[in-house]
Protein chains: 2
Amino acid sequence: MTDRALVPLVCPRSVAVIGASRDPKKLGHVATKNIVDGEYSGRLLPINPEADEVLGVKAYPSIKNGEGDIDLALILVPAPIVPKVIEECGQKGVKTAIVISAGFREVGPDGAELERKLVEAARKAGVRVVGPNCVGMVNASIGLNATISRVISSKGLKKGGIALISQSGAFGAAMFSWAQGRGLSLGKLLSCGNMCDVDETDLLEVLEDDEETRVITMYIEGVKNGRKFMEATRRITRTKPIIVTKIGRSARGAQAAASHTGAMAGSDAIYEAVFKQTGVIRAEDTTQMYDFAIAFQTQPLPKGNGFVILTNTGGPGVAAADACEAQGLNLVKISESGKKKLRELLPPFASVANPIDTTPGISPTIWGRVLETLLEEEDVYGVIANIVGYSRPIEIAEEVVKAFMATVKKFSKPVLFSWTGEKAIDPLIGTLEENRIPVYPNSERAVRAMAALLEYESLVKQHSGNRPR
Amino acid sequence: MTDRALVPLVCPRSVAVIGASRDPKKLGHVATKNIVDGEYSGRLLPINPEADEVLGVKAYPSIKNGEGDIDLALILVPAPIVPKVIEECGQKGVKTAIVISAGFREVGPDGAELERKLVEAARKAGVRVVGPNCVGMVNASIGLNATISRVISSKGLKKGGIALISQSGAFGAAMFSWAQGRGLSLGKLLSCGNMCDVDETDLLEVLEDDEETRVITMYIEGVKNGRKFMEATRRITRTKPIIVTKIGRSARGAQAAASHTGAMAGSDAIYEAVFKQTGVIRAEDTTQMYDFAIAFQTQPLPKGNGFVILTNTGGPGVAAADACEAQGLNLVKISESGKKKLRELLPPFASVANPIDTTPGISPTIWGRVLETLLEEEDVYGVIANIVGYSRPIEIAEEVVKAFMATVKKFSKPVLFSWTGEKAIDPLIGTLEENRIPVYPNSERAVRAMAALLEYESLVKQHSGNRPR
């Protein structure tokens, strides 16, 4: 459903940097360097009327002189020149531009007038414009860091099925680099900027059509066009989960948002209702947004509301049971045959009622078989497993991890872990996560992520039920 | 207000390990090794009727033969022998014992009968008993790891003003090792076990009198004696904050708790009211408990409800403003003279209304001076500062950190930070934290911690107002 002109936005075969500069202090240099330093295999065309090359790459005096077709123009020239540059983009046949330059609506009435001129030029030239006043975009899959961010490393960008649309440019870039550093599968970043033309919903539609993107996260202060957003999200959420951190929910926050991006934050109750109706999952903050995103990215959806809590010590089991009740997750009864199997596997004082408390000191093999027994239960649609300690000797912990991974792979039911313990377990948590098993720092966070999966599953089911026969 | 017999519990000058074993598979070996491996400078007396030494330390056949005064007995013998051993402790004049052995109330009616005998023996012998069925205790200040935990490293235990009382033994140990590995100033662990004699409130009173402990955290499923808990906490919270994660809040959770520790979880609404009345701060989960504890451990209390948000990019400022409104924190107006100073320091498009948005790219010196200007404001009682990105070149980030630390030290107002960015900033976050400046992963978490400080401050103020003249 994307406007065709926006297709090249995430996967351009060629990028022109208009305003590319040899001066390291200029953003036109940072943007060019970010692309050069990466593994982008498309064509890069620095545009600079006064240089033959920028950072070793042949430069052109104007985009009109640029060789071959150009998919995307990244614009960093001073604000007053931007409308003219957009006109030239149109003459060259460039259909998509990202205007990074600032100095538009965000600086007051004169800037707003300039932004109006920019939009007019874009319409005339037939160019779709992202921005102005944004940080750009990243697509790790093609090694392209087309941003002015100094915090995103272009080298060794990690691909990932999670994408982020951010109305806060610098924060979006910081979150992207944070997620990259922690292996969180965030592979794409799209910065909204002033949204003079392309808005957050257009960007959603771009990601809707992007095959690699499986989960969309959004950090927004408001929605530009409510009806358009609702129509798009209602459709997109049927195939891809959208997780939103919507800030500016309070009066004071909304006021701050207005002075930041000029977004009309609107009543939070309305947003809440819109998200519910359209199946958008709302996260409380960015920590929770990625807690959820990782679960969606790695786990199958639970096919029903029936869960079991597995723990090797009481506390986290109780905490998880609390969280399940608060989130509306049903803890199922284990079948008599299941209980019998568990009793055979576990010491006499273990609890085989849900939560299953194995008691500490269970061998790795038993761990795996207990988890398997639970996943085999017909009424169990997902497991929240909590490990406490279990790190000495580390070889045993490694065996536990292996047993878990082998068991989880046999089923297509979601399994979310929490593991509390010393620093020595960090590499093992890394191994689990590399094998698509999310590990949360406490059982409550794992439960909340499971609840997000279930919420989304109910929605998908509801929609398919409504489909015309 | 501690029973004198409990004084040696956290700072024993001598510890006897009754049931010390040479067999690495036995818990009596693990406990002895945990003490031997640490830096405990008190006397250690392994008690074993069949060995001359355990792990190179001279052993005694019975506690009665132990040389000199013994402050604390750590008991690991089989459950049926425990009452007799307690009797011998009394004969030797040992006033405090931690019974680690399991096989009591938690295993059923026979165990409950044995526990009754244990209590009877303890009363007769004049011995106060922690446990049974607990993991023991740790005091990092004296290098003593008197637990059966395999996840707590005895070597290089880090001292800290935060203490943890846990009704979940293994989880308490895991949290302790987690906090130690992350430099969270958690220096003491007390495990409750079955609470046949000493309960969670007695342990609170032990920590009340422990000078080093500045903040008490509790992971509990219930309180044994409501009136006693209320009396003690009402008094203790006047001098030391108590932060509680109370699990078993839901019906299902309470049921799981009952089968775990036998605690009567009680109605959560009653607990909520008790915590409010007594000034106990409730945390939602363990992540939040340590978010709060670190703030209490490092920051002065805000002297009033007036705060300012400082950010270098819009998003986190808006999110923080939302969180402030949700938490009842007032965002104050900056004075005209303050605004004038800020305008002189900041670029023209920065926002000098609260939230203060410096816009990105501010120099370290300016960062420091802006923070100083805000802390100088009379109506500002605390600052929530959010840094986004700011990590290239890393030398500049280092300068920012230095400027922050120098400025924060000049004032006695709480300053909580959030910093979102790439992995390269982790060591700098470490530096800030070592210098007693907490850094949270997002601005919302910093705000919630500030709200906990304010809640506690209001309580302290209220109490001092109520004091008899």
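Modeller: Here it is; keep in mind that this is a predicted model. Of the residues lining the largest cavity, six are nonpolar, two are polar and none is charged.

Biologist: Which residues line the largest cavity?
Modeller: The lining of the largest cavity consists of A:Leu9, A:Ile98, A:Val130, A:Gly136, A:Met137, A:Leu190, A:Ser191 and A:Leu203. Two elements of chain A, β8 (136-139) and β11 (186-191), each give two or more residues to that lining.

Biologist: What volume does the largest cavity have?
Modeller: About 30 Å³.

Biologist: And how many cavities of 30 Å³ or more are there?
Modeller: The count is one.

Biologist: OK, helices. At what angle do α4 and α9 of chain A pack?
Modeller: Helix α4(A), residues 169-181, and helix α9(A), residues 286-298, pack at about 50 degrees, and their axes are 13 Å apart. The two helices are therefore oblique to each other. Their crossing is right-handed.

Biologist: Which residues meet there?
Modeller: From α4(A) there are A:Phe171, A:Met175 and A:Trp178, and they meet A:Thr286, A:Met289 and A:Tyr290 of α9(A). By class that contact has five nonpolar residues, one polar and no charged.

Biologist: Switching to chain B. How do α2 and α3 pack?
Modeller: Helix α2(B) covers residues 82-92 and helix α3(B) covers residues 109-125; the angle is about 10 degrees, with the axes 9 Å apart. That makes the pair roughly parallel, since angles under 35 degrees count as such.

Biologist: What about α13 and α14 in chain B, at what angle do they cross?
Modeller: Roughly 15 degrees, and the axes of α13(B), residues 394-409, and α14(B), residues 426-434, come within 10 Å. So α13(B) and α14(B) are roughly parallel to each other. The crossing of α13(B) past α14(B) is right-handed.

Biologist: Which residues make that contact?
Modeller: On α13(B) they are B:Ile394, B:Ala397, B:Glu398, B:Val401 and B:Met405, and on α14(B) they are B:Leu428, B:Thr431 and B:Leu432. That contact has six nonpolar residues, one polar and one charged.

Biologist: Now the backbone. Is the peptide bond from B:Gly131 to B:Pro132 cis or trans?
Modeller: Cis, with omega near -5 degrees. B:Pro132 sits in the loop between β7 (128-130) and β8 (136-139) of chain B.

Biologist: And what is omega for the bond that joins B:Asn354 and B:Pro355?
Modeller: About 0 degrees, and that bond is cis.

Biologist: Where does B:Pro355 lie?
Modeller: B:Pro355 is in the loop of chain B between α11 (336-345) and β16 (356-357).

Biologist: Why flag these at all?
Modeller: Because most peptide bonds are trans, and most residues other than glycine have a negative phi.

Biologist: On phi, then, is A:Asn133 positive or negative?
Modeller: Positive, at about 65 degrees, although A:Asn133 is not a glycine. In chain A this residue lies in the loop between β7 (128-130) and β8.

Notes. Residues are numbered from 1 along each chain as its sequence is written. Chains are lettered from A and ligands numbered from 1 in the order in which they are written. This is a predicted model: local features need pLDDT of at least 70, side-chain atom pairs count only at pLDDT 80 or more; totals for chains, interfaces and linings use all residues. Side-chain values use heavy atoms; hydrogens and water are left out. On a 1 Å grid over the protein atoms alone, a cavity is a set of points where a 1.4 Å probe fits but cannot get out, and a pocket is an open set with protein on both sides within 12 Å along at least five of seven lines; lining residues have an atom within 4 Å of a point. Grid points are joined across faces, edges and corners, and a volume is the space filled by probe spheres set on the points. Helices (H or I, at least four residues) and strands (E, at least two) are DSSP runs, numbered from the N terminus. Ala, Val, Leu, Ile, Met, Phe, Trp, Tyr, Cys and Pro count as nonpolar, Asp, Glu, Lys and Arg as charged, and the others, Gly among them, as polar. Axes are lines fitted to C-alpha atoms, for helices over the stretch in contact, and angles run from 0 to 180 degrees between N-to-C directions. Angles under 35 degrees count as roughly parallel, over 145 as roughly antiparallel, 65 to 115 as roughly perpendicular and the rest as oblique. A crossing is left-handed if the near helix is turned anticlockwise from the far one by less than a right angle, and right-handed if clockwise. Contact means heavy atoms within 4.5 Å.
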